Amino acid sequence: MSATPQILTPDGAGGSFLQPELETMSQAEIRELQLQRLVEACERVYPKVPFYRRKFDELGVKPSDIQSLEDIVKLPFTVKPDLRDNYPFDMFALPMDQIERVQSTSGTTGAPTTVAYTHQDVQYWGECTGRGLAMAGVKPGEILQNSYGYGLFTGGPGLDYGAVRLGCVVIPMSGGNTDRQIRMMQDLKPVALSCTPSYALHLAEVFRDRGVAPSDISLRVGIHGAEPWSNEMRAQVEAGLGETALDIYGLTEMGGPGVSVECLAKGGMHVNEDHYLAEIIDPETLQPLPDGQLGELVFTTLRRQAQPLIRYRTRDLCSLTRETCACGRTFARMSKPIGRSDDMLIIRGVNVFPSQVEEVLVTIPGIEPHYQIVVDRVGYLDVMEVWVEVGESIFAETMGDLERFQKMVQAKLYGVLNIKAVVKLKEPKTITRSEGKAVRVVDKRKGMLPGS
Ligand code: ADP
Ligand code: ZN
């Protein structure tokens, strides 16, 4: 699309469109398409999925009752326990001979749940992630090092299908084996890297330790998501790898990564609205919230055939905007999720999100972007420790200096969290590096009753 404003990466490569006619539809066209597909989704699940038939009947709603997008509030919600209760096959809307594959969650929050795909579902998946690669400026024929885990986790296959759809050359690295990752990056010179932001930071650190400058790496752009990360962390990834780092969001229940993807304007992730209908609700009252307000993100799959989901509550907290983006796309954008409502720690009654801790830590020079929050209960009292890894220069200082440093970090955390967090300084390279999603929180209180 020649009329599209060009946003460039620092080395001058612009973003592009995989399907410009879809990605730049007017909001009115999007809403019309969404209404038609919402009705179709209801028609797919109501006769075929006993769980939905029961839920619809309980609420006295039929697919034909959906006359406008606002009517979505008549439909039932779906929550993670529903998927577990119907594990492994009872949420499928099609017989096995039409299912091509299943994937599973990483199980960050309990028992795994599966998701099924038809052949067509897989093609749509590639469309969603392929759009993300195109908007990041990756071009057919260019090389993507895909360092998301391959296997049950949706990250690896999701980006792979997108690269295939766009016509890129994929290096299917998967996660881990960092030496080999670095070797491939130096030998094959990929322009794009896909992996979790925490693993991108780890790769940057290994390059730095080996004396490889960011300018010696061929990367131009990174597609990093699957876990919350701050803009400060983005700056560190960009500096460390010499790339433009973009966000990508998804969840297994919706089919994996590519539900929304960030463009070079970096103003939020474009929801692939022809595939997913996004709502923001108040997690307490369950009522819809207007654009711009922070609330819980809820998705309905509009096209998925094998396992369509209606109003799935993600527990992720963010807001939506529908203003046309500088990149020319019209799809609504979601802000970076600040965490999941079920990731939220309640410490002595105060709500704490790991992302708040990270935002403080990454602004303090001398601290490495590796940390862990350890919560325990002593008697009736919650205690929160933040383990912070310091750089070599800080660690070489005297005990007195270290103590002053520790107090300063503690005070900064207090300023933001309003509760005391005991900061423990850790030696360089002692906090475990992640190859996939980082484990930021160790909550030892789980299963403990107050005072036990
Ligand atoms: P689980 O981690 O529950 O096993 P998934 O692997 O499907 O399941 O993870 C999906 C979750 O990961 C999302 O609901 C969200 O909390 C988180 N997530 C995914 N992408 C992002 C992102 N770009 N930013 C923040 N959080 C993300
Ligand atoms: Zn955009």
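Which protein donors hold the zinc ion (ligand 2)? In this predicted model, where local features need pLDDT of at least 70, side-chain atom pairs count only at pLDDT 80 or more, and totals for chains, interfaces and linings use all residues, side-chain values use heavy atoms, with hydrogens and water left out. Residues are numbered from 1 along each chain as its sequence is written, while chains are lettered from A and ligands numbered from 1 in the order in which they are written.

The zinc ion (ligand 2) has Cys263 (SG), His270 (NE2), Cys325 (SG) and Cys327 (SG) as its protein donors, at 2.1 to 2.3 Å. Donors here are N, O and S atoms within 2.8 Å of the metal (3.2 Å for Na, K and Ca), and water is not among the atoms, so sites may look incomplete. The angles among the four donor atoms run from 104 to 114°, and the site is tetrahedral; that label applies to four donors if all angles lie between 85 and 135 degrees. Written as a sequence pattern, the donor residues are spaced C-x6-H-x54-C-x1-C.

Now for the chain as a whole. The chain has 12 helices and 20 strands, counted as DSSP runs (H or I, at least four residues, for helices; E, at least two, for strands) and numbered from the N terminus. Its radius of gyration is 22 Å, close to the 22 Å from the globule rule for 452 residues, so the chain is as compact as a globular protein of that length. That radius is taken over C-alpha atoms, and the rule is 2.2 Å times the number of residues to the power 0.38. The C-alpha trace spans about 70 × 60 × 40 Å along its principal axes. Of the 452 residues, 55% count as buried. Among contacts (heavy atoms within 4.5 Å) with a separation of 6 or more, 68% come from residues 24 or more positions apart.

Two aspartates make an interesting pair to look at. Asp274, in the loop between S9 and S10, counts as buried because its relative accessibility is 2%. Its side chain is joined to that of Arg131 by a polar contact of 2.8 Å, that is, a pair of N or O atoms within 3.5 Å; within protein, one must be able to donate a hydrogen and the other to accept it, and residues adjacent in sequence count only if both atoms are side-chain atoms. Leaving out residues up to four places away in sequence, Asp274 also touches others, including Leu22, Met25, Arg37 and Phe331. Asp291 sits in the loop between strand S10 (276-281) and strand S11 (295-301) and, at 41% relative accessibility, counts as partly exposed. Beyond its neighbours within four places in sequence, Asp291 is in contact with Leu320 and Arg322, and a polar contact of 3.0 Å joins the side chains of Asp291 and Arg322.

Finally, Pro140 lies in the loop between helix H5 (119-135) and strand S3 (143-146). Pro140 is exposed, with a relative accessible area of 57%. Setting aside neighbours within four places in sequence, Pro140 is in contact with Leu166, Gly167 and Cys168.

Notes. Buried means under 20% relative accessible area, exposed over 50%, partly exposed in between (1.4 Å probe, protein chains only). Four donors count as tetrahedral if all angles lie between 85 and 135 degrees; four count as square planar and six as octahedral if opposite donors are over 155 degrees apart and all others between 65 and 115; anything else is irregular.
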